[in-house]
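I opened a new notebook page for this structure. My plan is to look things up one at a time and write down what I find.

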Amino acid sequence: MPIQCKYKLQHLVLAVALTVGFVEFSLAEQSEPDAPVVDEVKPKPARKKKEKPAPPSLAPKPLLAESIAPTPETFPVSTEIPAAPLPAPDDIPSGKVATTQSGSALKESLEKPAPLPESVLAETSAAQQTQVVDQPPSTDSPSPAGNSAIAALLAADETTAALALNQLSGGSNANLAKATLSSVTPVSASLLSAMLQLDDPHDNQPSAPRHAAGNAESGRIWLQALGHSGKLDRDVEPMQHSTKGLLLGADWRLNEEWRLGLMGGTSDTRIDSEELDGDLDSWHLGAYAMRQTGPLSLRLGAAWSNHEGSTRREVAFGRFHDRLKGNYQASTQQAFIESGYNLGRANVSIEPFVGIGYQRYQRDGYTEKGGAAALRVDDQSQGNFNTTVGLRMANVSTLDNGMRLTPRFSAGWKHLYGETYTSTRQRLVTGGHGYTVYGAELDRNSLTLDTGLDLAVSSSHTFGVGLSGEIGTDSRNHGISGRWQMTF
């Protein structure tokens, strides 16, 4: 009888232990199994039980806890996998963002973000990769090319990105060639004007249609002040330039037919556009010669100019802002030969003429000083031949006081040969690859106009003023000049 009671007591203890384990198993089943990382659960205070605890070999609680509650290391996130990468340049539709050719060239040159290493992707499950990609991009992550300007560009919306591409591309740098060539055109025109004002030694008529000069003198000095400005038309924003200069020349007679002269001077050019501002300090040296045989004239001239240029750009979009400065050296060479035949009589000169000219521009490479938007600009060169055909007229009138007044006018058609596009290669100093930007095209055909008035106050001194202009397809240039000359 006592043995029977002993078995019933053991059965009762076993039943109580199984009941407790079943209840805890049911509570664990109600927890969320899909949570990637199980939050730490604070243990509940142990319940006070009067029953005797079950033996360790019969208690299922530790086994159930280990099989249900995962450790925090079950779903690790590798620290080697970066956050979701910034959009690559190709992710920005070029048709909607790059509104200029220069902006498109810059966009294609940008370095793309480096892809994730295959070894990291192979060791990472698809669920973990999805989890990483779904995370928002970190604003503290460096740009793919290590350039804050590129990072700001890739993070901008389409409207801001269009502005950013145009500013970062530095497309106006390609216009430096044409702006410089336009600024030195009045130099060669001044050499030609000096020869036109020489007297015809073979004309014995006192009222010969020459531009107010002496007859017996063999030497002459002249001084000319220049004021010249123009505009380079472009698809987006035009570039304007203005030049002020002073030229000093002297010539002398070699024999009855030939005359030789030299010229020197300086000028300052200001360049203005929405994307670029600049200054150009120039020095000029030239030489010219003239041969007069009856009504037939032959004129030759050459000029060399040295330029010290500086540029300033400002790049500002979104929260990015940068001021950039550049300094460069450049030179230009000009040469021309012209022949004319005077068909006029008495005090009227009518001279059809034809001329051949050559212009060359060469600039050294330079690197802008500034921040992340600074560019390294390669050297640039441009050379072209041109021909000009036109008609020149003048009328000499002798006033009652003995002074001679000479109005003059000329018009010509200028044609340019060779490549008319101006371009330069450049790249961001940090990040990206080299790309080409194109400037305003040189005018293939243009109309040149020149008019003026000369007043010989005595046989030795002459004053004159002139207006000039050149009208082309992609540019407009005009200028004013004042001249004084003294023969001896």
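Over how many bridges do β8 and strand β9 pair, and in which sense, parallel or antiparallel? I looked it up: β8 and β9 (residues 375-377) pair over 2 bridges, in the antiparallel sense. Tyr366 stands opposite Val377 in β9. I note here that this is a predicted model.

**Entry: the sheet around β9**

I traced the sheet next. It is an open sheet of 4 strands, in the order β8-β9-β13-β14, with antiparallel pairing. β8 (366-367) and β14 (435-438) are its edge strands, and each pairs on one side only. I also looked for helices against these strands. Helix α4 (residues 101-109) lies across β13 (423-428) and β14, and runs at about 175° to β14. α8 packs on the sheet too, where it touches β9, β13 and β14. The direction of α8 makes about 90° with that of β14.

**Entry: helix α8**

I stayed with α8. This helix covers residues 158-169, which is 12 residues. From first C-alpha to last it reaches 16 Å, close to the 16 Å expected at 1.5 Å a residue. Which of its residues are buried? I found Ala161, Ala162, Ala164, Leu165, Asn166, Gln167, Leu168 and Ser169. After the helix comes Gly170, and its phi is positive, near 60°.

**Entry: nonpolar cores**

I then turned to the inside. In soluble globular proteins, nonpolar side chains tend to be buried together. The largest nonpolar core here has 37 residues. Which of them touch the most other members? They are Leu106, Leu153, Leu168, Leu176, Val315, Tyr328 and Tyr361. α4, α7 (148-154), α8, α9 (176-196), β5 (296-317), β6 (320-341), β9 and β14 each supply at least two residues. Another core lies apart from it, with 15 residues, among them Val187, Leu191, Leu192 and Ala303.

Leaving aside neighbours within four places in sequence, its contacts include Leu176, Leu280, His307 and Glu308. Tyr361, Arg363, Asp364 and Tyr366 are also among the contacts of Tyr328.

β2 (residues 239-253) and β3 (residues 258-272) run antiparallel, joined by 14 bridges. The hairpin between β2 and β3 goes through 4 residues. Leu248 has Gly264 in β3 as its bridge partner. Next, β3 pairs with β4 (residues 277-293) in the antiparallel sense, over 15 bridges. A hairpin of 4 residues joins β3 to β4. Arg270 has Asp279 in β4 as its bridge partner.

I moved to the end of the chain. β16 (residues 461-472) and β17 (residues 475-487) run antiparallel, with 11 bridges between them. A hairpin through 2 residues joins β16 to β17. Ser468 stands opposite Gly479 in β17. What else is joined to β17? I found β1, antiparallel to β17 and joined by 13 bridges. The bridge partner of Leu223 is Trp484 in β17.

**Entry: Ala225**

I stopped at Ala225, which sits in strand β1 (residues 219-232). Is Ala225 buried or partly exposed? Ala225 counts as partly exposed because its relative accessible area is 37%, between the 20% and 50% cut-offs. Not counting residues up to four places away in sequence, Ala225 touches Gly245, Leu246, Ile480, Ser481 and Gly482. Ala225 and Gly245 are 20 residues apart in sequence, yet their C-alpha atoms are 5.9 Å apart in space.

**Entry: Ala346**

I also looked up an alanine in a loop. Ala346 is found between β6 and β7 (348-363). Ala346 is not a glycine, but its phi is positive, about 55°. At 42% relative accessibility, Ala346 is partly exposed.

**Entry: the whole protein**

Last, I took the totals. The protein has 9 helices and 17 strands. Of its 488 residues, 39% are buried. Its accessible surface comes to about 26,800 Å², and 59% of that belongs to carbon and sulfur atoms. Among contacts between residues at least 6 apart in sequence, 68% join residues at least 24 apart.

Key:
Residues numbered from 1 in each chain as written. Predicted model: local features only at pLDDT ≥ 70, side-chain atom pairs only at ≥ 80, totals over all residues. Heavy atoms only, no water. Expected span 1.5 Å × (residues − 1). Buried < 20%, exposed > 50% of the residue type's maximum accessible area, 1.4 Å probe, protein only. Pairing = 2+ DSSP bridges. Contact = heavy atoms within 4.5 Å. Axes fitted to C-alpha atoms, helices over the stretch in contact; angles between N-to-C directions. Core = buried A, V, L, I, M, F, W, Y, C linked by side-chain atoms within 4.5 Å. Areas by Shrake-Rupley, 256 points an atom, 1.4 Å probe, with all protein chains shown as cover.
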